[in-house]
Amino acid sequence: MTHAASAATHAVPGDGPAGSGAYVLGVDSGGSGLRVALGRVGEPGPLATTVCAEPVRTGPGGIDAGHLLDQLLPAARELLERASAAASAEARSNGASAYEVAAVAIGAAGMATLGDRLRAELPGALADALGVRRVALAADAVTAYAGAVGQRPGAVVAGGTGMIALGTDLKEWRRADGWGHLLGDSGGGAWIGRAGLDAAMRAHDGRRGGSAALLDRLRAVFGAAETLPGLLYPRSDRPAVLASFAPEVAACAGADPVAAGILRQAASHVAEAAAAVCPAPTEPDGAGGGTGEVALTGGLFRMGEPLIAPLREELARLLPGARVTTATGDPLTGALRIAHALATGDLRLPRHPTMLFVPRGQETGQREETAVHSEPRPE
């Protein structure tokens, strides 16, 4: 680990809310690399962002905390030094850093199931290296929620290669799907791509349910249909390869009823997941509305109307009165929002030992950790 800086060279926040001049850091760690955003407590939005292109390693012990720190700390220091370059000479003459890091929030893919080392090692390491005493470690679905919905009750559907829905009434989390391409992720990109390739292979064989249009697209993308198993099965990135065919399904949906049917079924799966996690109205609603917000985020929904139109219909049927929105912020935005809230003592999203971990004692009046429910809501 190369985080040699000492907390003694940084201002250390006290127990109360941080001052408006202090900095906060939001981090998003995913399959495409590590992204870091720097903000200031008194200002919304990021001051600057940077990207570390190498994804954080995952090994037998879970996500590699040392590898994450080796990328995060140099990036964070560079952002901080650039932002504080105009700091007063008086502050520097006291032998202290010109900046105070009030809070860090890190969202990571796999945090819920593979984040034991991060939860054990990062709070202490960040305190030593940056002097920060407020740290939140979140699953990427939680930072996606914070980026899409903020700290309001509601639900978010994060769709890409996979698909997960997460909702909260600010008392507990509810999760649906996100179980991977073999056990779930129903309606996600890999699911759509696989269904499209299945329809193409049915057409190749002359079986019922086939699509000549999708068979043509299979040949254009992958070559001869009979060679597809040899191309697909040895790959370790099979979900991504399957998902790469999902846009072809969307492109065919306007003229091909089989492709359109696949997207309708995908929309039904996504809507069912959203309905399973969306919090019930807080007040009796005799008017038939007011079930809250459902935000859609992720590359899946860039397929546009062929998927969005049937999805809106399904959501209107399952969640009448729900407000369906497109997320304005991504998981990096969400991580920065959590850091802001942590710094000011206003983190209202439910704590949880794996979904949103905040070490005890960081805040005054900290609430108890909550459960994540993935079982059906009682009728």
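Predicted model: local features only at pLDDT ≥ 70, side-chain atom pairs only at ≥ 80, totals over all residues.
Reader: Ok, sheets. What is the order of the strands in the open sheet of six?
Author: The order is E3-E2-E1-E6-E7-E13, with mixed pairing. E3 and strand E13 (356-357) stand at the edges with a single partner strand each, so one side of each has no neighbour in the sheet. Strands here are DSSP runs of E with at least two residues, helices are runs of H or I with at least four, and both are numbered from the N terminus. Two strands pair if DSSP finds at least two bridges between them.

Reader: How do E1 and E2 pair?
Author: Strand E1 (residues 23-30) and E2 pair in the antiparallel sense, over eight bridges. They form a hairpin with two residues between them. Val 24 has Gly 39 in E2 as its bridge partner.

Reader: And which way do E1 and E6 run?
Author: E1 and strand E6 (residues 101-108) run parallel, joined by seven bridges. Gly 26 stands opposite Ala 105 in E6.

Reader: What about E2 and E3?
Author: E2 and strand E3 (residues 48-52) are antiparallel, with five bridges. Leu 34 has Cys 52 in E3 as its bridge partner.

Reader: Is E2 buried or exposed?
Author: Six of the eight residues of strand E2 (residues 33-40) are buried, so the strand is largely enclosed by the rest of the structure. Buried means under 20% relative accessible area, exposed means over 50%, and partly exposed is in between (1.4 Å probe, protein chains only).

Reader: Switching to helices. How many of the residues of H13 are buried?
Author: In H13, 10 of the 13 residues are buried, so this helix is largely enclosed by the rest of the structure. The buried ones include Leu 332, Ile 338 and His 340.

Reader: What should helix H13 span?
Author: At 1.5 Å a residue, the 13 residues of helix H13 (residues 331-343) should span 18 Å, and the end C-alpha atoms are 18 Å apart, which agrees. The expected span is 1.5 Å times one less than the number of residues.

Reader: What caps the N-terminal end of H13, and what follows the helix?
Author: Asp 330 caps that end, with a side-chain oxygen 3.2 Å from the backbone nitrogen of Leu 332. After H13 comes Gly 345, whose phi is positive, near 70°.

Reader: Now Asp 64. Where does it lie?
Author: Asp 64 lies in the loop between strand E5 (62-63) and helix H1 (65-83). At 17% relative accessibility, Asp 64 counts as buried. A polar atom of the Asp 64 side chain lies 3.0 Å from the backbone nitrogen of His 67.

Reader: And where does Ala 295 lie?
Author: Ala 295 lies in strand E11 (residues 293-297). Ala 295 is buried, with a relative accessible area of 0%. Ala 295 and Ala 274 are 21 residues apart in sequence and 9.3 Å apart in space, C-alpha to C-alpha.

Reader: Last one: is Leu 182 buried or exposed?
Author: Leu 182 is exposed, with a relative accessible area of 73%. The place of Leu 182 is in the loop between strand E10 (173-177) and helix H6 (189-205).

Technical notes. Residues numbered from 1 in each chain as written. Heavy atoms only, no water. Polar contact = N/O pair within 3.5 Å; in protein donor to acceptor, adjacent residues only side chain to side chain.
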